[in-house]
Amino acid sequence: MNEMKKELIAPCGMNCRLCIGYQREKNKCAGCRNDIDIRNKPTGCVSCTIKNCHVIKENKSEFCFECDKMPCNRLKQLDKRYKTKYHMSMLENLNYIKESGIEKFIDNEESRWACPKCGNIVSVHRTECQKCGEKIFGW
């Protein structure tokens, strides 16, 4: 089982460990920060304006909260979509990381996204556990 780790937290605050693209067995995405193996990344992820932001690249920033323009329009749009569709906020994630640190964020994510029935890390993009079928989210 793949554990959560810092390398799987995207600059926007997305936890790639929770992404269905990362969790799938076939044609698995390697995560936003992996620039070596892009063949299984969705096109939108490869061309993501946040991940490819010139400020992040020039400043060697790890997360958007280190930018003076935070939150930019793209981050606000992404956050709104994820809050509406998946009940998860990139801005809340970034604020948590900024205030509490990446280690505490990862610890919190491991318990927050664990299936109560089997302990598998569930996908933010699904309402049930892919391993045991347990209904996770009631939205």
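Where does N27 lie? N27 sits in the loop between helix 1 (20-23) and helix 2. Helices here are DSSP runs of H or I with at least four residues, numbered from the N terminus.

This is a predicted model: local features need pLDDT of at least 70, side-chain atom pairs count only at pLDDT 80 or more, and totals for chains, interfaces and linings use all residues. Residues are numbered from 1 along each chain as its sequence is written, and side-chain values use heavy atoms, with hydrogens and water left out.

**Backbone**

Most residues other than glycine have a negative phi, and most peptide bonds are trans. N27 and H87 each have a positive phi.

| Residue | Phi | Loop | Relative accessible area |
|---|---|---|---|
| H87 | about 55 degrees | between helix 4 and helix 5 | 43% |

Partly exposed lies between buried (under 20% relative accessible area) and exposed (over 50%), with a 1.4 Å probe and protein chains only.

The peptide bond from M70 to P71 is cis, with omega near -5 degrees. P71 is placed in the loop between helix 3 (54-59) and helix 4.

**Core**

The largest nonpolar core has 36 residues. Such a core is a set of buried Ala, Val, Leu, Ile, Met, Phe, Trp, Tyr and Cys residues joined through side-chain atoms within 4.5 Å. Those with the most contacts inside it are C12, M14, L75, Y82, M90, W113 and V124. Helix 4, helix 5 (90-100) and helix 6 (102-112) are the elements that give two or more residues to this core.
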